[in-house]
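Let's take a walk through this one, strand by strand. Keep the viewer open and follow along.

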Amino acid sequence: MKRYLLFLLLSLIFYGVSFSQESDLEISGYYKNIFYQTKSLYTKEDIFADTGRLRLEFKKEIEPWQFFLSVDNEAIINDFANTSDFKFIRSKIQDNLTAIDLDKVSVDNEHLYLKHSVYRAYLKYYRPEFQVVLGKQSIDWGRMRFYSPLDLFNSLAPTEVEPDERIGIDALNLNFSSQDFSGLNLILAPAKNSGEASFGARLFHKIETFDCALIAASIRKDKVLGFLFDGYLRDAGFRGEFSYTKQDNKREFPRVSLGLDYNFFAKLHLLFEQFFNGGNDDNDATALTSSYSLSRKILSLKKHLSNLGITYELTPLVKLDNFIVYDWDGKSVFLNPQLRYNIFENTDISLGAQFFQGRSNSEFGDYQNAYYLQVKLFF
């Protein structure tokens with residue numbers, strides 16, 4: 001009941017502001033359907049999931065303010081709700097991850113999982129020298145494309161089928177910036193109890209062609225210090241992230257990621273990144289697939305991972321992607337070829353596969369091959 005009251009309050013505030021002003025309310029969104037077929041990690045039986053998601057986005061600008069609300073209704077038709085594989089999907093509810101629970105699971109039975117949620121809801125104040133964002137938002141301090149040691153608040157694994165979807169975080173986001181490309185970013189993310197709160201500071205400055213930043217953060221019970229840079233070496237992009245973590249007042253470890261990317265000609269883009277994870281959990285795949293929050297904390301099972309991204313433009317409307325991750329410690333590999341086609345101006349279709357090869361207890365050896373078809377209609 002509290003979730004609905006909060007949602008209603010946000011909606012009333014949003015619409016009250018919208019209709020009390022003369023400027024237009026922008027309404028947009030998308031409908032997405034993803035069919036995903038694989039085998040159970042635990043029983044090895046064939047399983048599938050067909051996910052349909054309707055997202056509605058409402059945006060209102062009244063200088064210098066911006067109001068944004070994004071609401072999801074998601075249905076997952078599946079045949080594995082009674083297996084341990086479904087635990088990862090259930091672990092993504094906001095009650096486990098955010099200060100204010102704005103999720104409602106209305107159906108969770110043998111073949112249907114129906115969830116309604118506020119995906120984003122924030123108030124933004126913008127001035128060139130000062131910005132404030134308050135509410136449920138996405139905060140990405142990292143610059144890497146695969147494994148990012150400094151994407152601290154809502155990170156994603158390279159094996160995610162939807163890399164553009166991030167569970168938001170409830171936070172006060174303050175950004176002080178000057179005209180010399182320097183500034184300070186402060187994040188305060190409360191939690192239901194003080195021991196689970198997160199906060200951080202990012203001091204950034206531009207040096208020649210590189211954006212650089214020093215970071216200090218407390219993420220739940222983990223303390224993190226870090227440094228990153230992102231810029232150009234001639235025509236090639238060059239970036240890196242370094243972090244040192246004291247995890248839950250117990251163990252301490254570094255993480256390092258370095259990357260290069262280059263457009264060899266107009267249609268071919270290559271990206272390479274090397275990742276070292278001193279905080280790896282040398283276990284099996286269940287350590288990453290049993291819990292979303294645990295997977296964010298661990299990042300990888302092994303220490304040394306090489307990552308390659310290849311994008312080739314077959315035509316202006318058709319692109320071929322291939323993402324490859326190699327685990328040097330366990331000698332395993334992950335391949336993710338994907339064909340993307342812009343059928344119409346507002347409709348995209350993607351056909352992809354995920355192939356895993358390696359021995360048991362390596363980074364990818366325990367995963368099962370998967371195939372997916374995604375259709376996304378914008379409006």
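Predicted model: local features only at pLDDT ≥ 70, side-chain atom pairs only at ≥ 80, totals over all residues.

Residues are numbered from 1 along each chain as its sequence is written, and side-chain values use heavy atoms, with hydrogens and water left out.

Seven of the nine residues in E7 are buried, so the strand is mostly covered (buried means under 20% relative accessible area, exposed over 50%, and partly exposed in between, with a 1.4 Å probe and protein chains only). On one pairing, E7 runs antiparallel to strand E6, residues 130–137, with eight bridges joining the two; strands count as paired if DSSP finds at least two bridges between them. Look for Lys 136 there, which sits opposite Asp 170 in E7. E7 also pairs with strand E8, residues 182–189, again in the antiparallel sense, over six bridges. Here Phe 176 faces Leu 184 in E8. E7 and E8 make a hairpin with four residues between them, and Phe 181 in that turn has a positive phi of about 60°.

Strand E13, residues 251–265, pairs with E14 over 10 bridges in the antiparallel sense, and Asn 263 stands opposite His 269 in E14. If you want a landmark, Leu 268 has Tyr 312 in E15 as its bridge partner.

Most residues other than glycine have a negative phi, and most peptide bonds are trans. Lys 44, not a glycine, has a positive phi of about 70°. You'll find Lys 44 in the loop between strand E1 (25–39) and E2, where Lys 44 is partly exposed, with a relative accessible area of 42%. Glu 208 is another non-glycine with a positive phi, about 55°, this time in the loop between strand E9 (198–207) and strand E10 (210–219). Glu 208 is exposed, at a relative accessible area of 71%.

And the peptide bond? Glu 63 and Pro 64 are joined by a cis one, with omega about 0°. Pro 64 belongs to the loop between strand E2 (46–62) and strand E3 (65–78).
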